[in-house]
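The following note comments on the structure shown below.

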Amino acid sequence: MNVKRYILEKVTKGTIHLTLIDPAKQPAAKAAEIAAKAYEAGTDAFMLGGSTGVTRENLDETSEAIKGVCDLPIIFFPSGAKAISGKCDAIFYMSMVNSVDIGWVIGEQVKGSLVTRKLGLEPISMGYIIVEPGMKVSEVGRAEPIKRDDPESAMAYALACEYLGMSFVYLEAGSGADVPVPPEMIKAVKSILTVPLIVGGGIRTPEAAAAARLAGADAVVTGTFFETCSDLVKLKDVIEAAKG
């Protein structure tokens, strides 16, 4: 499967939903249970990753476990080059563009490029923009988060990503954020992009998912909520709100 083509075809029909699962937070068997419920609830693909604790071993185990319960694409959402796994279907080859650490802008990508090629992993280029509050990913990635009341800066970063040839732009409030990316910022960024816009962080309710979709998100990501909620009805409500 060409995962990039799969996503691009999906978003032409409307907003899609991506489930983010952190392999470091639970055993692979538990991750598979989460994935099975998300699959039944209607998610479109899985992202595997986290800010800390992800290893090639737990990534391999989690990816294989999820493939045992569904056939949706699995995309590695990397926190560095050391954990790149050939068990995933693709990798978001992303640059944290508002980090002050060159390692997160291009260094880790250089370290991982030959490994990615050797494993035959499909790279999907993405500009990764951290928005307040940023949470752990902001700390680990040494990002200078975009202020929530500064959509113009978010627009400038996003457009720069597109001009550099990146296939997707991701606005990230951070896993476990108490507030998601403001709809006004999503709308402003979407207005100047021609590539798909992904939005994640702090989305736990149907209302928040719908707000991101209506503001222009092409893909809505939920992670922490899906890892902690076992109520299939609530999961479906969030996914249906994200997809409209």
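Predicted model: local features only at pLDDT ≥ 70, side-chain atom pairs only at ≥ 80, totals over all residues.

1. Arg 142 is itself partly exposed, with a relative accessible area of 45%.

2. A second salt bridge joins the side chains of Asp 44 and Lys 243, at 3.2 Å from N to O. Because Asp 44 lies in the loop between helix 2 and strand 2 (45-48) and Lys 243 in helix 10 (residues 232-243), this pair ties together parts that are 199 residues apart in sequence. Asp 44 counts as buried, at 3% relative accessibility, whereas Lys 243 counts as partly exposed at 32%. Both residues also take part in a network of salt bridges that includes Lys 10.

3. A third pair is placed within one element. Glu 33 and Lys 30 form a salt bridge between their side chains, at 3.8 Å from N to O. Both are in helix 2 (residues 28-41), and since they are 3 residues apart, about one helical turn separates them. Glu 33 is partly exposed at 47% relative accessibility, and Lys 30 is likewise partly exposed, at 39%.

4. How many salt bridges does the count give? The total comes to 11. As for charge placement, the chain has 25 positive and 30 negative charges, and their mean positions lie 3 Å apart.

5. The overall fold may be summarised as follows. The chain has 10 helices and 8 strands. Its radius of gyration is 16 Å, close to the 18 Å given by the globule rule for 244 residues, so the chain is as compact as a globular protein of that length. The C-alpha trace spans about 45 × 40 × 30 Å along its principal axes.

6. Burial and contacts complete the description. Of the 244 residues, 54% count as buried. The accessible surface of the chain is about 10,500 Å², with 55% of it belonging to carbon and sulfur atoms. Among contacts between residues at least 6 apart in sequence, 74% join residues at least 24 apart.

Definitions and conventions
Residues numbered from 1 in each chain as written. Heavy atoms only, no water. Salt bridge = Lys/Arg side-chain N within 4 Å of Asp/Glu carboxyl O. Helix = DSSP H or I, 4+ residues; strand = E, 2+ residues; numbered from the N terminus. Buried < 20%, exposed > 50% of the residue type's maximum accessible area, 1.4 Å probe, protein only. Rg over C-alpha atoms; globule rule 2.2 N^0.38 Å. Contact = heavy atoms within 4.5 Å. Areas by Shrake-Rupley, 256 points an atom, 1.4 Å probe, with all protein chains shown as cover. Lys, Arg positive; Asp, Glu negative; His and termini not counted. Charge placed at Lys NZ, Arg CZ, Asp CG, Glu CD.
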